[in-house]
Amino acid sequence: MTHIMVLGAGYTGMMAAIRVAVKTRRQGVRVTLVNASPRFTERLRMHQTAAGQRLTCHSIEKVIAGTGITFLRDRVTGLDPGRHEVTLQSGRVARFDKLIYALGTVTDRSTPGVSEHAHVYDDHDGAVRLADALNRLTEGTVVVAGGGLTGVESVTEIAEAHPHLRVVLLSRGTPAAMMGDSARAYVLRAMDRLGIEVRAGAEVEKVLPDAVALAGGELIESSVTLWTAGTTGLPLARESGLAVDGRGRVVVDATLRSVSHPDVYAVGDAAAVRQSYGVIHGTCQSGIPTALHAADVIAARLRGGRARPFRFGYFHQPLSLGRGDAVIQFTRNDDSPRRAYLTGRWAIVYKEAVTRSPLPGMALLKRGLVPARAFRVSNG
Ligand SMILES: Cc1cc2nc3c(=O)[nH]c(=O)nc-3n(C[C@H](O)[C@H](O)[C@H](O)COP(=O)(O)OP(=O)(O)OC[C@H]3O[C@@H](n4cnc5c(N)ncnc54)[C@H](O)[C@@H]3O)c2cc1C
């Protein structure tokens, strides 16, 4: 019996496990899914958790019920892709025939003080700790470092939920730089309306217990600091001997198979997937198609069939601006902005539909009725 192990039950690990289990149902295959927590974390909603919203808790076991997948609640502490072995925190060593590596990324903590003094979004508990810290503040300053989409979503959500606090966004470049001029101007106006102080061109040198130090010596007082300025692959991948890129992501070929270990596939944020326009960056938009594709490739190869190359093009950049506003930037395949963008009420509805879609998607996937292309708006 072929044993397929899927490491990580985020959006992509869940999708890959369900897909491969359904596709190989009659092929004598056993699928095991490993995740550190029993909860399916909706990472897309972490900024909502951080702002104190009570969200539904989804159990991984309930989501995969009926698929025949075995769920192991355990932390992966070691991987030996040559010997086909995974070591778990419980002390257990599991053997696999095929592996789907879907462990996502963690916050890049290379800036001094981030590990000790900043909040990060590495897991659900981290977002809850941030929410608790914010709730305890009756006055003071909250600093969000990172002007990418996660930083902007977080700073607007926090400013909306805690109007009595001073909220500062530190961004190395212009915030929401990936958006077109008009959508970005809309984002800046929304932040202004929420009273957020935006510091573009700010280079953080160090995070201190009660401040953030900028290059040039300026200190910005900070009662609570959230760090969203970059992610990196888990050290586990590099330490295991898998070929990784400069950001620690597993380098894969056109069929999403590790270039160094042919029985290992990598998907989602954890994978460095090259397309004609460059290496795709971590989003659900791109990650879910990689998960389904890897599952289909494994199923096809087990049947002795041909594996098709993965092709993907971006479609949009959906961005919430608190609960009362949003902007959707439509994009070209390479994620560069088109002229079209959506704001206000329809953008809120659109963003919520996108955020909500993975769980119903998994339910449909379990029934085996969904073609992989249904999750992919563009084939690049
Ligand atoms: C606040 C925020 C907003 C976002 N908004 C958007 C958006 O609007 N659109 C979009 O496309 N993307 C968005 N993203 C990015 C998106 O969330 C990620 O691209 C997506 O979660 C990647 O999915 P994944 O399955 O690859 O990794 P993850 O979702 O990170 O899942 C990894 C899983 O592996 C588990 N794990 C990690 N290490 C171990 C270990 N050692 N042992 C066992 N289990 C482990 C984790 O617990 C987790 O369940 C957002 C991210 C954040 C933080």
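The structure is a predicted model, in which local features need pLDDT of at least 70 and side-chain atom pairs count only at pLDDT 80 or more, while totals for chains, interfaces and linings use all residues. Residues are numbered from 1 along each chain as its sequence is written, and side-chain values use heavy atoms, with hydrogens and water left out.

The domain assignment gives domain 1 (2–49 + 56–107 + 231–314 + 355–375) and domain 2 (114–227); such bounds come from an automatic or database domain assignment. The C-alpha centres of domain 1 and domain 2 lie 31 Å apart. Nine residues from domain 1 and 12 residues from domain 2 take part in the contact, where contact means heavy atoms within 4.5 Å. The size of an interface is often given as the accessible area lost when the parts come together. Between domain 1 and domain 2 the buried area is about 1,000 Å², and carbon and sulfur atoms give 59% of this area. Buried area is here the accessible area (1.4 Å probe) that two parts lose on being put together, summed over both. Of the area that domain 1 buries against domain 2, Met-46, His-47 and Thr-107 supply 56%, more than any other three residues.

Helices (H or I, at least four residues) and strands (E, at least two) are DSSP runs, numbered from the N terminus. The expected span of a helix is 1.5 Å times one less than its number of residues. Helix α10 (residues 344–356) has 13 residues and should therefore span 18 Å, in agreement with the 18 Å between its end C-alpha atoms. In α10, Gly-344, Ala-347, Lys-351 and Thr-355 are buried. These four residues lie on the same side of α10, because they cover an arc of only 70° around the axis; the arc is that of the directions from the helix axis to the C-beta atoms. Buried means under 20% relative accessible area, exposed over 50%, and partly exposed in between (1.4 Å probe, protein chains only). Arg-345, Trp-346 and Arg-356, on the other side of α10, are exposed. The elements that cover the buried residues of α10 include the helices α6 (149–161), α7 (181–193) and α11 (358–366), together with the strands β24 (316–320), β25 (326–331) and β26 (337–343).

The buried residues in α5 are His-124, Gly-126, Ala-127, Leu-130, Ala-131, Ala-133 and Leu-134. Against them pack β3 (39–40), α2, β11 (141–145), α6 and β17 (224–227).

Gln-48 is located in helix α2 (residues 46–50). With a relative accessibility of 5%, Gln-48 counts as buried. Leaving aside residues up to four places away in sequence, Gln-48 touches Gln-53, Leu-55, Glu-157 and Arg-323. From Gln-48 to Gly-305 the separation is 257 residues in sequence and 44 Å in space, C-alpha to C-alpha.

Ser-240 belongs to helix α8 (residues 235–240) and is counted as buried at 13% relative accessibility. The side chain of Ser-240 reaches the backbone oxygen of Ala-237 at 2.7 Å. A polar contact is a pair of N or O atoms within 3.5 Å; within protein, one must be able to donate a hydrogen and the other to accept it, and residues adjacent in sequence count only if both atoms are side-chain atoms. Ser-240 also touches Leu-79 and Pro-81, when residues up to four places away in sequence are not counted.

Further residues lie in loops. His-84, in the loop between β6 (76–80) and β7 (85–88), has a phi near 60°, a positive value in a residue other than glycine. The relative accessible area of His-84 is 17%, so His-84 is buried. Leu-256 lies in the loop between β19 (250–251) and β20 (264–266), and its phi is near 75°, again a positive value in a residue other than glycine. Leu-256 is buried, with a relative accessible area of 0%.

In strand β13 (residues 197–200) lies Arg-199, which counts as partly exposed at 28% relative accessibility. Arg-199 and Leu-170 are 29 residues apart in sequence and 5.0 Å apart in space, C-alpha to C-alpha.
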